Amino acid sequence: MPEISGYAFPNDVHVHWSLMIVMYPYITGFVAGAFIVTALYHLFGKKEFEPVARLALATSFCFMAIATFPLNLHLGHPERAGYVMVTPHFSSAMAGFGLLYSAYFVILLLEVWFVYRREIIETARRSRGLKRAFYAALALGTYDTSPEALEIDHRAVKVLSAFGLPAACMLHGYVGFIFGGIKANPWWSTPLMPVIFLLSAAVSGIALLVLLHQVTARLWRRPVERETVQAMARWLWFFPILTVTLELLEIMLLAYENSDAWHIISQLLTTRLEFSFISVQMIVGSLVPFILLAIVVTMNRYLHDRVRNTLAVIASLLLLVQVFAMRWNVVIGGQLFSKSFRGLRSGYQPALFDREGVLVAIGLFILPFALLYVFDRVLPIEPAAAPPGPPPAEGVVEPARRTA
Amino acid sequence: MDETQRDAPASAPDPVGRREFLSSALRLGGGVLVFLAGAPAIGEAGEGYDWTQHRWAYLIDTEKCIGCGSCVRACKAENDVPDGFFRTWVERYVVSPEASHVDSPKGGLEGFPPIQTPFAPTKSFFVPKMCNHCKETPCVQVCPVGASYRTQDGVVLVDGERCIGCGYCVQACPYGSRFLSPETHTAEKCTWCYHRITKGLRPACVEVCPTATRQFGDMRREDDPVRLAIARGRVSVLQPHLLTEPQCFYLALDKEVR
């Protein structure tokens with residue numbers, strides 16, 4: 001039994017939303033964040049993001065594929081999970097989940113298909129036997145790779161990104177809304193919550209792609225693109241500034257208004273969340289990467305590529321920790337104080353082997369990368385066909401299609 | 001809304017459009033799914049009980065509570081409440097103008113042992129707590145599958161056959177009245193002993209209360225003493241600023257109580 005200081009309502013001593021509910025927004029954060037990176041190239045024409053655009057799309061897809069796992073692991077009755085889809089109770093924020101999740105997943109599937117259509121067909125043409133049948137099935141019966149058809153693909157991808165970006169943002173902002181809409185819990189109840197979730201999703205998505213770009217460049221023996229790293233570092237500097245500003249704004253407002261909950265929340269922050277909020281989320285996870293990235297952004301010209309890459313990688317790793325800490329502090333922190341506003345329970349430690357335990361969480365985090373590997377085997381993320389120096393005539397069409 | 005639409009004179013019967021057909025088909029499909037999934041059964045209600053003829057309300061006179069814990073024990077026995085969880089509990093307040101102490105050892109299940117406070121108390125009292133069966137309840141609002149619902153006679157219930165155990169309602173209840181049962185893995189809470197009140201009995205906690213601290217009544221009966229007390233007396237509810245409209249009313253509620 002947890003230790004209680006002060007007085008907690010007797011049912012308030014349990015942390016019902018466990019580690020899995022921390023993992024869920026962490027994972028969907030990558031879904032939305034990675035999609036934002038794709039969109040930066042594809043919708044907003046940021047050419048610097050071209051080398052990671054396909055990687056970002058694949059990452060978003062792989063995290064999306066497992067996004068429901070933590071939820072099902074958490075549900076008391078996972079066999080009834082489908083009720084949310086077939087009989088949603090629309091007054092609940094959670095009921096929109098089925099619609100949003102399916103809509104975004106369909107968009108993502110279609111986008112992946114259109115991006116890879118030409119390569120799927122070409123692979124089918126090149127191969128024999130089972131492999132051929134497999135890729136022929138993936139091609140869904142159309143084998144048209146005429147320039148007109150490819151142009152349609154290209155336009156479809158653009159339209160899908162235009163729908164995908166708001167869908168990804170909604171999917172994640174909506175997770176913030178689930179918390180932000182609980183008026184019983186002052187640590188959650190703020191309209192800033194969806195915005196904070198969304199911005200921190202962008203942080204985690206870009207940070208993950210900085211890392212994946214470095215790793216894949218090594219694996220595929222390609223140079224790390226200097227401009228891509230510079231651009232990602234700039235955005236990676238910008239988004240946490242916004243996130244942390246809003247997070248602090250929320251707390252300062254509670255303090256300044258001297259809200260009825262401030263008494264208990266100030267205790268929460270300085271005792272139970274002292275390590276995970278002040279040390280990890282704010283200092284190690286925000287202040288340190290802020291300084292590192294400030295160096296990258298402001299002293300860009302003077303930095304050796306290696307130094308820049310190292311700084312960006314360290315900052316990204318810290319920011320990944322920061323975003324996890326933020327999810328933890330929101331989800332778990334919100335359950336450590338009682339709604340009596342008179343008591344705090346002792347810190348929550350997830351079990352190691354539990355269904356909602358640490359090992360499962362680690363597995364959940366590794367799984368998308370395993371999927372990414374499989375994805376790359378089936379639909380190569382780095383287009384092998386692209387010659388090192390494409391002729392200019394082809395170069396005009398090629399990048400847009402390749403990195404869509 | 002629905003009725004006005006229904007009453008509106010239909011000028012000319014439109015042929016069934018594609019949109020309308022799809023909408024009806026989807027609705028029908030949804031209905032079939034609900035049916036297959038097991039429509040919420042009010043299996044607990046007694047035979048011949050008409051829920052449109054009642055609207056239940058609860059009254060707690062905090063001046064009278066002696067902290068014996070009989071209600072907590074009765075509730076546990078009547079409803080098989082799992083250990084460590086509570087459908088009702090009793091809080092003890094020991095208060096002075098400078099300081100206050102609140103506790104509820106085991107929810108008051110075994111009564112209250114004497115305590116020493118570091119300050120000299122000037123008043124002390126007990127406050128029984130339970131689900132407030134709010135009219136505008138956030139727990140019903142947030143249930144993603146409609147497993148939590150409010151009956152026509154004003155009782156907030158959970159359909160254990162539909163509950164997916166997500167815990168959203170537990171988070172949304174400002175009073176800490178709900179919990180996820182480790183046995184059924186669904187949300188559970190006080191039902192005002194719905195299986196009893198629909199047979200003309202009173203909730204177990206009211207039945208055993210030796211001081212009539214806890215009273216249960218029907219707002220649809222003009223001469224009901226609980227109705228009269230609520231209608232004529234000065235009553236409070238818990239956390240009124242949240243506008244959940246609790247149907248559990250308190251007499252002599254102290255400012256310390258949340």
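User: What should I know about numbering and confidence?

Analyst: Residues count from 1 along each chain as its sequence is written, and chains are lettered from A in the order written. In this predicted model, local features need pLDDT of at least 70, side-chain atom pairs count only at pLDDT 80 or more, and totals for chains, interfaces and linings use all residues.

User: How many helices and strands are in chain B?

Analyst: Both are DSSP runs, numbered from the N terminus: helices are H or I, at least four residues; strands are E, at least two. Chain B has 8 helices and 10 strands.

User: How do I read a sheet, and what is the strand order in the open sheet of 3 strands?

Analyst: Strands of a sheet pair through backbone hydrogen bonds, parallel or antiparallel. Here, pairing needs at least two DSSP bridges between two strands. The order is S9-S1-S10 in chain B, with mixed pairing. S9 (214–218) and S10 (248–251) of chain B are at the edges with a single partner strand each, so one side of each lacks a neighbour in the sheet.

User: How do S1 and S9 of chain B run?

Analyst: Antiparallel, joined by 5 bridges; S1 spans residues 56–61. Trp56(B) has Asp218(B) as its bridge partner in S9(B).

User: Which domains does chain A have, and how many residues touch?

Analyst: Bounds come from an automatic or database domain assignment. Domain 1 of chain A is 1–17 + 224–349; domain 2 is 19–180 + 351–404. Contact means C-beta atoms, placed from the backbone, within 7 Å. In chain A, 12 residues of domain 1 contact 11 residues of domain 2. On the domain 1 side, H12(A) gives the largest share, 6 residues.

Terms used. Contact = placed C-beta atoms within 7 Å.
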